[in-house]
Amino acid sequence: MDLTTVFEVSAAGMSLQRLRLDVAAANLANAQTSAVDGVGYQPLQVVAHAPLTAPFAQWLSAAQLRPADVRVVESASVPRLVYEPGHPDADARGYVAYPDVSPVSEMVRLMEISRAYEANVRALNLAKAMAVRALEIGTER
Amino acid sequence: MSIDPVTLAAAQALPPMNPLPPANIGEANPPPAGAGFAGWLDSQLRQVNAEITAAADDGVRRLAIGEPVSLHQVMINLERARLHFELVLQVRNKLLEAYQDLTRMQI
């Protein structure tokens with residue numbers, strides 16, 4: 001497992017966290033959009049899997065440590081119904097359907113994304129620092 | 001455009017390496033060894049330069065003109081290029097050290 005493998009794996013982790021941030025931002029931005037005739041914004045979520053099938057030694061040789069199979073899927077959630085009879089999108093009973101986005105859980109997810117991204121940067125920086133240290137072998141400074 | 005500083009920095013990073021081959025060729029007796037080292041250094045420098053140009057420089061250029069390229073990928077490519085350059089620099093330092101030891105040898 002050479003240095004570039006660590007770089008690639010960390011870069012893949014960072015890309016995944018970026019995607020999760022994009023999705024969380026989209027969810028937050030569309031939290032207050034109402035559905036017209038039952039068709040509205042569905043909250044999105046990122047689903048990622050690690051290729052766990054290979055044995056560990058094979059992981060180290062092939063750059064298979066990165067998260068693969070990353071998809072953005074619509075979560076099958078029930079819309080939030082709010083009673084607003086005067087709203088143009090209200091149904092016959094006076095309810096307006098909003099996407100089921102909880103601002104609290106989205107904020108927690110944002111914190112989690114930020115920390116995970118930071119952790120990836122830390123791992124990459126450590127790998128780089130180790131390489132720099134290795135290059136210092138033999139120098140008298 | 002705002003791309004220039006990077007190419008300039010890459011170009012300025014290289015010249016300090018060049019004074020070495022003349023010093024080596026200036027040695028009277030063994031031209032094959034001197035030419036070999038100069039050639040090796042030249043090829044390594046070209047390779048590192050190509051790496052910088054291909055990955056890092058290209059990434060910065062694309063970022064500067066607003067193409068959708070991930071920021072961390074650009075930074076990682078820059079770091080990788082820097083590490084490669086550092087490696088060639090260290091090898092050059094060690095070879096130069098050995099060469100200077102030889103020139104200081106009492107006969």
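Tutor: Contact means heavy atoms within 4.5 Å. This is a predicted model, in which local features need pLDDT of at least 70, side-chain atom pairs count only at pLDDT 80 or more, and totals for chains, interfaces and linings use all residues. Residues are numbered from 1 along each chain as its sequence is written, chains are lettered from A and ligands numbered from 1 in the order in which they are written, and side-chain values use heavy atoms, without hydrogens and water.

Student: In what order do the elements of chain A run from the N terminus on?

Tutor: Helices (H or I, at least four residues) and strands (E, at least two) are DSSP runs, numbered from the N terminus. Chain A has three helices and four strands. Their order is α-β-α-β-β-β-α.

Student: And how many helices and strands does the secondary structure of chain B come to?

Tutor: The elements of chain B run α-α-α-α from the N terminus on. The totals are four helices and zero strands.

Student: What percentage of the 107 residues of chain B count as buried?

Tutor: Buried means under 20% relative accessible area, exposed over 50%, and partly exposed in between (1.4 Å probe, protein chains only). In chain A, buried residues make up 26% of 141. For the 107 residues of chain B, the figure is 30%.

Student: How much of the accessible surface of chain B belongs to carbon and sulfur atoms?

Tutor: Accessible areas come from the Shrake-Rupley method with a 1.4 Å probe; for residues, only the protein chains shown count as cover. Chain A exposes about 8,900 Å², with 59% supplied by carbon and sulfur atoms. Chain B has an accessible surface of about 6,700 Å², and the carbon and sulfur part of it is 62%.

Student: Are H3(A) and H4(B) roughly parallel or roughly antiparallel?

Tutor: Axes are lines fitted to C-alpha atoms, for helices over the stretch in contact, and angles run from 0 to 180 degrees between N-to-C directions. Angles under 35 degrees count as roughly parallel, over 145 as roughly antiparallel, 65 to 115 as roughly perpendicular and the rest as oblique. H3(A) and H4(B) pack at about 10°, with axes 10 Å apart. The two helices are therefore roughly parallel.

Student: How many nonpolar residues does the contact of H1(A) with H4(B) have?

Tutor: The H1(A) side includes Leu3(A), Phe7(A) and Met14(A), and the H4(B) side includes Ile76(B), Arg80(B) and Leu83(B). Ala, Val, Leu, Ile, Met, Phe, Trp, Tyr, Cys and Pro count as nonpolar, Asp, Glu, Lys and Arg as charged, and the others, Gly among them, as polar. The contact has four polar and three charged residues, and the nonpolar ones number six.

Student: Is Lys128(A) buried or exposed?

Tutor: Lys128(A) is found in helix H3 (residues 103-135) of chain A. Apart from neighbours within four places in sequence, Lys128(A) is in contact with Phe7(A), Glu79(B), Arg82(B) and Leu83(B). With a relative accessible area of 17%, Lys128(A) is buried.

Student: How far apart in space are Gln42(A) and Pro99(A), C-alpha to C-alpha?

Tutor: Gln42(A) lies in the loop between H1 and strand S1 (44-49) of chain A and is partly exposed at 27% relative accessibility. Not counting residues up to four places away in sequence, Gln42(A) touches Glu74(A), Ser75(A) and Ser77(A). Gln42(A) and Pro99(A) are 57 residues apart in sequence, while their C-alpha distance is 6.0 Å.

Student: Which residues is Leu63(B) in contact with, leaving aside neighbours within four places in sequence?

Tutor: Leu63(B) is in helix H3 (residues 31-64) of chain B and is partly exposed at 32% relative accessible area. Beyond those neighbours, the contacts of Leu63(B) are Val69(B) and Leu71(B).
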